[in-house]
Amino acid sequence: MPEAAFAPWGRRLCEVVDSRPSGGYRIFSLLDPEGPEPLPGQFYMLATERGWEGNGGRPFLPRAFSVAEADPAAGGIRLDFLIEGIGPGTERLCALDVGERVWVNGPLGNSFSPPAELAPGAAGAILVGGGIGIAPLALLRRRFAAGNVPTRVLLGFRDAAHSGGLDDLFRCCEVGLASDDGHLGQRGYVTDLLAAMLAGDDAGSAAVYACGPPPMLDAVALLCADRAVACELALESPMACGFGACFGCAVPKPGGGYLRLCVDGPVLRGDAVVHGG
Amino acid sequence: MRWSTVVEFCGIELANPVINASGTFDAIAARRVYGDALLEEFPFSAFVSKTITLEPRAGNPPQRIWETPAGMINSIGLPNKGLEGFVAEDLPQLAALPVPLIVSAMATGREEFGRMVAALAEREEVAAIELNVSCPNVHSGLIVGEQPTETVALLRALRPLTEKPLIVKLTPNVADPASIAVAAEEGGADAVSLINTLKASAIDPATGEPGIGVGQGGLSGPAVRPIAVAQVRAVAAAVEVPIVGMGGVCSGADAAEMLAAGATLAAVGTESFRDPRAGIRIAAELSERFSQASQAQPRL
């Protein structure tokens, strides 16, 4: 992957060009006239132009979202975001209509590395996503496909009602599926699928890329450590600014001290994260 | 004719009256994110560093921030590289900024504070020093900035160590901030800045526990602005030294309110999290207001 380009200095207004339901979540698309094109794993700080601070003074801070798709389009780059309405900020973003505008700051943070950079022998990729965390893996899968990196995808969901993005973001590719209730794919966790895959003979030739809830990421990192497979994790944290100013997104480092997830991440190597905390 | 926004502060000429609040903008990190465009359009007329301490600090465990109505609570815990690390690694980068540098420093006693001020006094990159006195004195156990006697004693100890302007950052968590400002002035402070954040907590409805990991933190954002304006007015009535007014400044109108309350400079804090270029926008809005006011009432 190329080095991340500088983000345009400051936030800008981008128009909503699409908003649609997706498996219980929502996907909305912004047209970013300035760019640059984001790398997989990078994120944006988003706040609606109108109706932010609308309800009792909240939402107040912008919200961080990984970009799920990015395509050059007429007039700029089309950015897709996968959103689950779980609080005042995400609910406001879910209610966006086409034609409304959103304050956008980014692309921010670092991106996933190619397999060969993670481990000398690694040629292929295993993508492991859970719930809303599948978003950055969608863009990663497309970039790997474009770069002819052999890629296998494993996704896990609570149930069909919480499988947003699955059909929209992962169509035209084969996906190993797991869900808590067994209605989507195998009953169980996506990490069960990963364990089975890593037990195969070719595990050493792949690197693992994961994004999802913290217990899933812990399990992925442990499985990979057991099999000596390199992995990168895209983490999440509360974040006020996204560009290193607020020091709010502290993530403990294994040797003590903290990283700022916004500028040191959001993608970290599995061994750069304290697990089970 | 464009109205000049140049302002003099403690003998330092600033292009406009809008600076940043300490700990709310990391110019080094921002340059990594935005590149040299940050320097070409730097958002403040002076840059105030994040508070440094004598020894390095890791900061507080997560969760460090919590959104509140029209504001946020933070408990970051002053992570920093320590004086030595700051001087070796950060100072050269901050010296490359196109504006004067104000270094914020905190210590747990007069002796330790003295070592920091003496070290900063030797650096020509440093235009002024802001003293973060919202910390306990290890000897008395009292929060320096909450006690007039502690404040005046600290300033008397530090004043002889440097000719650089000393700015005392006042805490709002006292019954009478003006009495602390008077003590700072009496001890030889060149300016005061206020307000620091207000003690605050919030309970996470999902857990029934405080949303901030260490239980409480400091409230900032527009929610605190009326308190800040009241305290700036009270301090302005009590001291002669210039005031840096801050607390929820989000617009030129808010900055104008701080200046009308008696501040010489307005500082932007939390708003930069939402809008990284907030300082540029606020200075432009303020200039527009000055220019309209000057046309309405031409000065002789």
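This report covers the domains, the chain contact and the nonpolar core of a predicted model.

## Domains of chain A

The domain assignment divides chain A into domain 1, residues 12–108, and domain 2, residues 116–216. Taken over C-alpha atoms, the centres of domain 1 and domain 2 of chain A are separated by 24 Å.

Where these domains of chain A touch, domain 1 contributes 14 residues and domain 2 contributes 16 residues. On the side of domain 1 of chain A that touches domain 2, the strands β2 (25–32) and β5 (69–73) each supply at least two residues. That side of domain 1 consists of 7 nonpolar, 5 polar and 2 charged residues.

## Contact between chains A and B

The contact involves 30 residues of chain A and 34 residues of chain B. On the side of chain A that touches chain B, 19 residues are nonpolar, 8 are polar and 3 are charged.

## The largest nonpolar core

In soluble globular proteins, nonpolar side chains tend to be buried together. Here the largest nonpolar core has 182 residues, and the members that touch the most others are Val208(A), Val220(A) and Val192(B). Helix α6 of chain A, residues 214–226, gives the most to this core, with 7 residues. Domain 1 (12–108) and domain 2 (116–216) of chain A each provide at least three residues to the core.

Which residues are in contact with Val220(A), leaving aside its neighbours within four places in sequence? They are Val128(A), Thr191(A), Leu194(A), Val208(A), Ala210(A), Cys231(A) and Leu233(A).

Terms used: Residues numbered from 1 in each chain as written. Chains lettered and ligands numbered in written order. Predicted model: local features only at pLDDT ≥ 70, side-chain atom pairs only at ≥ 80, totals over all residues. Core = buried A, V, L, I, M, F, W, Y, C linked by C-beta atoms within 7 Å. Buried ≥ 20, exposed ≤ 12 C-beta atoms within 10 Å, placed from the backbone. Helix = DSSP H or I, 4+ residues; strand = E, 2+ residues; numbered from the N terminus. Domains from an automatic or database assignment. Contact = placed C-beta atoms within 7 Å. Nonpolar A, V, L, I, M, F, W, Y, C, P; charged D, E, K, R; others polar.
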